Amino acid sequence: MFRTVLIANRGEIALRVARTCRELGIRTVAVHSTADRESAVVRFADEAVHIGPPSAKASYLHMPSVMEAARRTGADAIHPGYGFLSEDPDFAEVCEAQGVTFIGPPPQVIEKLGDKALARRLMAEAGLPVLPGSIGAVTGLAEARKVADEIGYPLILKAVAGGGGRGIAVVRAADELTQAFRETCAHARAVFGDDRLYVERFVEDARHIEVQVLCDRHGGAVHLGERDCSVQRRYQKLIEEAPAPNLPDELRSRMCEAAVRGALAVGYVGAATFEFVVSSDGSFHLMEVNCRLQVEHPVTEMSTGIDLVREQLLIAAGVPLSFRQEDLAPRGCSIESRVNAEDPDRDFAPTPGLLTEFMPPGGPFVRVDSHAYPGWLMGPDYDSLLAKTVVWAPDRDQAIARMDRALGEFRVEGHGLRTTIGFLREILAHPAHRAGRHTTGFVGAMTAERQASAMAAAGEG
């Protein structure tokens, strides 16, 4: 097992990783930018190293600074968390070259699956259903038009190097394609340094279902069930749950088996997530494979009782999986709600500021993953995630009631601060969500309902 793990990340995920390392008796090193010098993980870790100014490019994404911190502190492994360098094959290769274990899949695998167009081809060859679209990246607008003529509209343009809901554009008609293609190329070039795009059919009002997979270095591979991530706003997940409600068992089994087959086909090692879109007719297609821990991984942990970070560390250390597929039996229902410092009444604009009060909920089967505390300055440099509230209950109705109770207990105050807590509770109370009939179009429809109600109320006034 590792002696010292450097955590190349920040926020709640850095603290989350540090906690499991401590349980395993592993020394931890937190790296931090100037803006995060008072962060919770800096206080919690065994050692902290300043790696640069607030700009992520100059700190958390700056490989030389991260590697120098690893060298100085004697770290023999690096956990990248999610985001930042977690899916960068060059970083994984640098770690390998310098004798530091990268806690994630081999760089060659990240490279294959990080290229979304190549991943589509590889997964299709492995027998996974992929959405109709371009075989790989299109060579330009002319080829995009040709593919569009073949698959029809609406379609979606995606950056080959994209992720996290960025570098995506939905095109609903032929006369929108030229502008959307140019804008998405420019965005992809600016954000990812790679302007290649691919094209695939856009499925409206679908369900977003993902499957968690673990693979060791000895050919062992299991799935840990699925998560429903259909409650999204602009491709950003808001609420996730396991198991997916109203998903036929036969379909669930086929998706999970496909995910394991896809992982084995590319020699995957570590934790992977296979994201699928499920149409109203019950067909499913692969969207992409994520080579990292997901933000919503606690949902699976709560329903399976397995610490995914612990498994990542053991797998990276060469330890075989200690369980087989037949040993896994997810039970009950778990739900995660992402609490962000955003104002839902101002188009979810971030509301950074000093936290004057932060009291998370508690009680039975409630887990809160957060790096926030009273007196912490939530700056404008990073994402607005304040906390992940996760609950478990024997069934979905009880889990929804528990989540509503937990969110109602949250006390978050700060000058100018707004949160999404009220909006999340509205989602939980909505009849479509309560019935488990929500799709990826649900939040958009609900937002339109809110706006219509507000306008009607204003008119009456």
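1. Thr 439 counts as buried, since its relative accessibility is 17% (buried is under 20% relative accessible area, exposed is over 50%, and partly exposed is in between, with a 1.4 Å probe and protein chains only). You'll find Thr 439 in the loop between α14 (431-434) and α15 (442-460); helices here are DSSP runs of H or I with at least four residues, strands are runs of E with at least two, and both are numbered from the N terminus. Setting aside neighbours within four places in sequence, Thr 439 is in contact with Asp 205, Ala 206 and Ser 230, where contact means heavy atoms within 4.5 Å.

2. Before going on, a word on what we're looking at. This is a predicted model, with local features requiring pLDDT of at least 70 and side-chain atom pairs counted only at pLDDT 80 or more, whereas totals for chains, interfaces and linings use all residues. Numbering starts from 1 along each chain as its sequence is written, and side-chain values use heavy atoms, with hydrogens and water left out.

3. His 430 sits at the other end of α14, in the loop between α13 (421-429) and α14. Its relative accessible area is 16%, so His 430 is buried too. What does His 430 touch, leaving aside its neighbours within four places in sequence? The partners are Phe 442, Met 446 and Glu 449. Phe 442 is 12 residues from His 430 along the chain, and the two C-alpha atoms are separated by 10.0 Å.

4. Trp 392 belongs to strand β20 (residues 385-393). With a relative accessibility of 8%, Trp 392 counts as buried. Its contacts, not counting residues up to four places away in sequence, are Met 302, Ser 303, Arg 331, Gly 332, Cys 333, Ser 334, Phe 365 and Arg 402. Take Met 302 from that list: Trp 392 and Met 302 are 90 residues apart in sequence, yet their C-alpha atoms are 6.4 Å apart in space.

5. Now the helices. Helix α4 (residues 89-97) and α5 pack at an angle of about 175°, with axes 8 Å apart; axes are lines fitted to C-alpha atoms, for helices over the stretch in contact, and angles run from 0 to 180 degrees between N-to-C directions. That makes α4 roughly antiparallel to α5 (over 145 degrees is roughly antiparallel, under 35 roughly parallel, 65 to 115 roughly perpendicular, and the rest oblique). On the α4 side the contact uses Pro 89, Ala 92, Glu 93 and Glu 96, and these meet Pro 107, Ile 110 and Glu 111 in α5. The residues of this contact of α4 with α5 divide into 4 nonpolar, no polar and 3 charged; Ala, Val, Leu, Ile, Met, Phe, Trp, Tyr, Cys and Pro count as nonpolar, Asp, Glu, Lys and Arg as charged, and the others, Gly among them, as polar.

6. What about α5 (residues 107-114) and α6 (residues 116-125)? Their axes come within 5 Å and cross at roughly 95°, so α5 and α6 are roughly perpendicular to each other. Lys 112, Leu 113 and Gly 114 in α5 meet Lys 116, Leu 118, Ala 119, Leu 122 and Met 123 in α6. By class, the contact of α5 with α6 has 5 nonpolar, 1 polar and 2 charged residues.

7. On to the backbone. Most peptide bonds are trans, and most residues other than glycine have a negative phi. Which peptide bond involving Tyr 153 is cis? It is the bond that joins Tyr 153 and Pro 154, with omega about 0°; Pro 154 is in the loop between α7 (141-151) and β6 (155-163). The bond from Ala 242 to Pro 243 is likewise cis, with omega near 0°, and Pro 243 falls in the loop between β11 (236-242) and α9.

8. Two positive phi values are also worth a look. Tyr 235, a residue other than glycine, has phi near 70°. Tyr 235 is located in the loop between β10 and β11, and at 32% relative accessibility it counts as partly exposed. Asn 246 isn't a glycine either, and its phi is positive at about 60°. Asn 246 is in the loop between β11 and α9. Is Asn 246 buried or exposed? At 56% relative accessibility, Asn 246 counts as exposed.
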